[in-house]
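Colleague: I am new to this structure. Please pick a single part, look at it closely, and then show me what lies around it.

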Amino acid sequence: MKKSFDVVVAGSGAAGFAAATRALSLGMSVLMVEKEHQWGGTSASSGGGGWIPNHDIAANGDSREKALIYLKAVSQGAVRQERLEAFVDNGAKMVSFLQEIGVRLHVLDGYPDYFPDAPGAHIGRSLFPYEIDAMDVGDSVHTMREAPVRGKLFNRYAFGLDEAF
């Protein structure tokens, strides 16, 4: 086994897979480590959504300024301004990359920010992948973290957030 890697990714959730995929696309060697016995992290059991402000998926009136006001309010000064700016400025680039490699994302109509009463809050910043057929994943689907029972109908059929509301 190889003992040296350009990038080591801790965790196999959506963020970990996005980071690993981007590094691989740039020709880097990647090692992904996961502490659990199943892959997918909380993303596998929560619908795989990501909070990405000022994205280009849907024209929803969001802006860099609104997103920064919101992040500053909810982080209460615990995160440096340049980190908040880097997150907001690069989120749309990450979404574009994911779309280029075939990841289809959508906005759930009416889905609010996590703190909807905070200054700068906005509807439509959370992006979710469209569901895919487990048959397309192959045998590795059996090693993926399952949706919790509350996300299954009759403890068998998984459903997405858009189907739940």
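Modeller: Start with Ser12. Beyond its neighbours within four places in sequence, Ser12 is in contact with Phe17, Met32, Glu34, Trp39, Gly40 and Gly41; contact here means heavy atoms within 4.5 Å. A word on the source: this is a predicted model, where local features need pLDDT of at least 70, side-chain atom pairs count only at pLDDT 80 or more, and totals for chains, interfaces and linings use all residues. Residues are numbered from 1 along each chain as its sequence is written, and side-chain values use heavy atoms, with hydrogens and water left out.

Ser12 sits in the loop between β1 (7–10) and α1 (14–25). Helices (H or I, at least four residues) and strands (E, at least two) are DSSP runs, numbered from the N terminus. Ser12 is buried, because its relative accessible area is 3%. The scale is this: buried is under 20% relative accessible area, exposed is over 50%, and partly exposed is in between (1.4 Å probe, protein chains only).

Two of those contacts are polar. The side chains of Ser12 and Glu34 are joined by a polar contact of 2.7 Å. A polar atom of the Ser12 side chain also lies 2.8 Å from the backbone nitrogen of Gly40. A polar contact is a pair of N or O atoms within 3.5 Å; within protein, one must be able to donate a hydrogen and the other to accept it, and residues adjacent in sequence count only if both atoms are side-chain atoms.

Now move along the chain to Gly48. Gly48 lies in the loop between α2 (41–46) and β3. Setting aside neighbours within four places in sequence, Gly48 is in contact with Ala14, Ser43, Leu127 and Pro129. Gly48 and Leu127 are 79 residues apart along the chain, yet their C-alpha atoms are separated by 8.5 Å.

Next comes the sheet. Three strands form an open sheet in the order β3-β5-β4, with antiparallel pairing. Its edge strands are β3 and β4, and each pairs on one side only. β3 and β5 pair in the antiparallel sense over two bridges. Trp51 has Ser126, in β5, as its bridge partner. Two strands count as paired if DSSP finds at least two bridges between them.

His55 comes next. It lies in the loop between β3 and α3. His55 is buried, because its relative accessible area is 6%. Two backbone atoms meet polar atoms of the His55 side chain. One is the backbone nitrogen of Ile57, at 3.1 Å. The other is the backbone oxygen of Gly124, at 2.8 Å. Beyond neighbours within four places in sequence, His55 is in contact with Asn60, Ala92, Val107, Gly124, Arg125 and Leu127.

Side chains of opposite charge can pair when their charged atoms come close. Five salt bridges turn up in a search of the whole structure; each is a side-chain nitrogen of Lys or Arg within 4 Å of a carboxyl oxygen of Asp or Glu.

One of them joins the side chains of Asp62 and Arg125 at 2.8 Å, N to O. This pair links distant parts of the chain, 63 residues apart: Asp62 is in the loop between β3 (50–51) and α3 (64–75), and Arg125 is in the loop between β4 (105–107) and β5 (126–129). Both Asp62 and Arg125 are buried.

Arg125 also meets Asp113 in a salt bridge, at 2.6 Å, N to O. Asp113 and Arg125 both lie in the loop between β4 and β5, so this pair ties together parts that are 12 residues apart in sequence. Asp113 is buried at 2% relative accessible area, and Arg125 counts as buried at 0%.

Asp89 is in helix α4 (residues 81–100) and Arg64 in helix α3, 25 residues apart, and the pair links distant parts of the chain. Asp89 counts as partly exposed at 34% relative accessibility. Arg64 is partly exposed too, at 28% relative accessible area.

Finally, step back. The protein chain has six helices and seven strands. From the N terminus on, the elements run β-α-β-α-β-α-α-β-β-α-β-β-α. Of its 165 residues, 27% count as buried. Among contacts between residues at least 6 apart in sequence, 60% join residues at least 24 apart.
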